[in-house]
Amino acid sequence: MYLLYGAGANITMQVGEEAVVLVDSGPAALSEEIRAAIRTVSKKPIGFIINTSADPDHTGGNENLAKGGVFMLQSANSSMPQASVVSHLNVLNRMTADKATAAGTWPTDTYDSADWKLYANGEPLIIEHVPAAHSDGDSIVFFRKSDVVSTGDIFDMTKYPLIDEKRGGTLQGILNGLNHILKDIAVAKQNEEGGTYIIPGRGRACDRNDLANYRDMLTIIRDRIAGMVKKGMTLDQVKASRPTYDYDGGYGAEEGPWTTSMFVEAVFRELSRRGNK
């Protein structure tokens with residue numbers, strides 16, 4: 001198992017006697033650099049590319065990296081001379097609806113159930129849907145034999161998680177996914193340290209303790225904002241209170257595509273919706 005980082009979103013790579021398996025493919029512009037990095041480890045063809053979301057930094061390299069690969073699924077697309085590109089059905093739906101997304105990057109095989117179990121390089125791969133999390137198409141991938149979980153963007157060591165509201169994202173869905181990993185998948189080696197490797201959407205490789213700290217941070221921020229919403233405070237009042245202040249040093253951003261202010265706004269809107277508990 002390898003972690004390729006520095007090319008947009010993290011790429012998890014499994015290498016074996018059959019093929020190379022990738023979780024996410026990075027942006028299209030960096031495909032050749034990513035392929036060169038893969039080839040320093042293995043000359044085997046790429047067999048699977050598993051997309052954890054529809055975001056371009058997770059799917060942009062699908063077409064480029066799938067070329068020359070081997071299709072490892074028995075499906076209607078088995079005759080395609082490329083690697084299998086796998087995702088949740090909602091990822092395909094989002095990508096096909098976006099006219100700016102090239103058809104060659106679309107997933108070739110999808111699932112629309114709670115999970116999909118595959119086998120590659122002598123190892124079970126369990127792909128699980130995380131509903132209404134970063135988006136409506138998020139997947140986590142558990143390499144059961146290697147004891148590695150690739151989380152996609154529900155876990156990000158570099159910033160507060162991006163909540164894509166237009167694509168069905170919610171903070172509660174992210175928390176549900178993190179709690180599932182903590183409760184049902186990850187096992188610490190000793191004193192909550194070590195054990196299962198957890199690969200976030202961005203940032204360094206982590207363990208159960210890192211994930212628990214991230215979950216706790218998001219839960220605390222959610223509860224702070226929920227208390228303010230219950231008191232009838234406005235968005236401006238909530239933002240002025242700086243509910244994320246003690247975590248901004250590790251996860252905050254004042255500029256860029258996803259700022260602390262945008263995160264607080266998304267959480268406020270979610271908690272303010274009628275019927276939200």
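Before reading off any bridge partner, I note that two strands pair if DSSP finds at least two bridges between them. I also note that this is a predicted model.

Entry on strand S3. I looked up S3 (residues 20-23) and found that Val-20 and Leu-22 point one way while Val-21 and Val-23 point the other way, with all of them buried.

Entry on the neighbours of S3. On one pairing I find strand S2 (residues 11-15), which runs antiparallel to S3 over four bridges, and a hairpin of four residues joins S2 to S3. Within this pairing, Val-15 is the residue that stands opposite Val-20. I then turned to strand S4 (residues 46-50), which pairs with S3 in the parallel sense over four bridges, and there I recorded Ile-46 as the bridge partner of Val-20. Between S3 and S4 the chain passes through helix H1 (residues 31-39), and I noted this β-α-β crossover as right-handed.

Entry on the pockets. Which helix gives the largest share of the lining of the largest pocket? I found that helix H9 (residues 260-272) does, with three residues. The volume of this pocket comes out at about 210 Å³, and its lining, which includes Lys-239, Arg-242, Asp-248 and Glu-254, divides into three nonpolar, five polar and four charged residues.

For the second largest pocket I noted a volume of about 170 Å³. Among the residues that line the second largest pocket are Met-95, Asp-98 and Arg-167, and I counted its lining as five nonpolar, four polar and two charged.

Conventions
Residues numbered from 1 in each chain as written. Predicted model: local features only at pLDDT ≥ 70, side-chain atom pairs only at ≥ 80, totals over all residues. Heavy atoms only, no water. Buried < 20%, exposed > 50% of the residue type's maximum accessible area, 1.4 Å probe, protein only. Helix = DSSP H or I, 4+ residues; strand = E, 2+ residues; numbered from the N terminus. Right-handed = clockwise from strand over helix to strand, strands pointing away. 1 Å grid on protein atoms, 1.4 Å probe; cavity = no way out; pocket = protein on both sides within 12 Å on 5 of 7 lines; lining within 4 Å. Points joined across faces, edges and corners; volume = space filled by probe spheres on them. Nonpolar A, V, L, I, M, F, W, Y, C, P; charged D, E, K, R; others polar.
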